[in-house]
Amino acid sequence: MLVKDIKDLLKAREIYIADENIYEKNYEHGFATDLMSDALALLKDETEDVLLISGLSNVQSLRTAEVLDLETVLLVRGKPIDTHMAEMAKDLHINLFQTDLTMFQVCGLLYEKGMR
Amino acid sequence: MKKVYQVEKDNYEDAGKASTDIKRTLKTLGIERKVLKAVAIACYEAEINIVIHSDGGTVTFEIDDDDGLIRLSFDDIGPGIEDLELAQTPGYSTASPKARSLGFGAGMGLVNMKSVASSFDIRSSKEGTHIYMTFQ
């Protein structure tokens with residue numbers, strides 16, 4: 001699914017865009033978690049890029065994405081985010097979006113559209 | 001090449017800085033992606049452990065100019081791990097509610113480190129915990 005379609009579907013907001021071409025990127029897989037060690041454990045052997053979906057609105061979700069070579073992070077539940085997050089996303093070159101939908105709603109909608 | 005990083009107790013904001021810097025350094029040296037990722041994962045987990053569980057410590061990164069062997073050492077100043085075997089059980093964690101609320105404490109840290117490193121050694125006493133890993 002294209003990032004531009006994901007953004008529209010989830011009514012997501014841009015927090016930081018590291019690469020303008022990101023909207024044309026196609027994600028077939030997503031991984032949703034609030035536990036960063038789970039992401040590290042389960043995505044360590046993943047060779048393709050995965051959309052990281054998290055309710056963890058602090059800089060560690062970005063650090064985890066950076067460690068795993070993931071380009072895009074989607075924050076759910078519309079919680080206030082750390083003031084340093086946009087700055088950190090820029091430093092780590094990660095595209096960061098936020099939606100007000102819950103993680104359950106986000107996963108359901110993306111799954112319905114074919115993402116796994 | 002050798003680099004040493006200080007890691008502060010309870011400083012969640014900076015946790016992961018060493019792993020980011022080490023990954024960048026390795027990238028400039030042309031190290032393959034798979035190795036970069038393994039080093040970054042192991043370093044991040046170990047760094048987070050120092051922040052969460054210890055009174056502070058250091059991360060030491062070295063790469064051998066001749067054979068390219070990457071060495072990571074993590075040395076903290078205590079209070080140590082009571083039961084090392086239990087600590088290496090998947091899912092076992094003694095992380096505080098604060099650490100858990102920040103996304104840590106899944107009990108996979110040591111397990112993840114062991115699974116990505118070429119070699120892994122851990123020693124612990126009340127004076128501190130020392131982890132040594134290599135990657136090739």
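A salt bridge is a side-chain nitrogen of Lys or Arg within 4 Å of a carboxyl oxygen of Asp or Glu. The structure above is a predicted model, in which local features need pLDDT of at least 70 and side-chain atom pairs count only at pLDDT 80 or more, while totals for chains, interfaces and linings use all residues. Residues are numbered from 1 along each chain as its sequence is written, chains are lettered from A in the order in which they are written, and side-chain values use heavy atoms, with hydrogens and water left out.

The pair A:Asp69 and B:Lys23 forms a salt bridge, with the closest N and O atoms 2.5 Å apart. This pair crosses between chains: A:Asp69 lies in the loop between α3 and β4 (72–75) of chain A, and B:Lys23 lies in helix α1 (residues 17–28) of chain B. Helices (H or I, at least four residues) and strands (E, at least two) are DSSP runs, numbered from the N terminus. Both A:Asp69 and B:Lys23 are buried; buried means under 20% relative accessible area, exposed over 50%, and partly exposed in between (1.4 Å probe, protein chains only).

The size of an interface is often given as the accessible area lost when the parts come together. Between chain A and chain B the buried area is about 2,200 Å², and carbon and sulfur atoms give 48% of it; this is the accessible area (1.4 Å probe) that two parts lose on being put together, summed over both. Chain A brings 25 residues to the contact and chain B brings 26 residues, where contact means heavy atoms within 4.5 Å. Between chain A and chain B there are 3 salt bridges. On the side of chain A that touches chain B, the elements giving two or more residues are α2 (36–43), α3 (59–67) and α4 (85–92).

Over all chains, the structure holds 13 salt bridges. One of them joins the side chains of A:Glu24 and A:Lys4 (3.2 Å, N to O). This pair links distant parts of the chain, 20 residues apart: A:Glu24 is in the loop between β1 (13–16) and β2 (30–32) of chain A, and A:Lys4 is in helix α1 (residues 3–10) of chain A. A:Lys4 is partly exposed because its relative accessible area is 33%.

Another salt bridge joins A:Asp49 and A:Lys25 (3.2 Å, N to O). A:Asp49 sits in the loop between α2 and β3 (51–54) of chain A, and A:Lys25 in the loop between β1 and β2 of chain A, 24 residues apart. With a relative accessible area of 17%, A:Asp49 is buried. A:Lys25, A:Asp49 and A:Glu71 are linked in a network of salt bridges.
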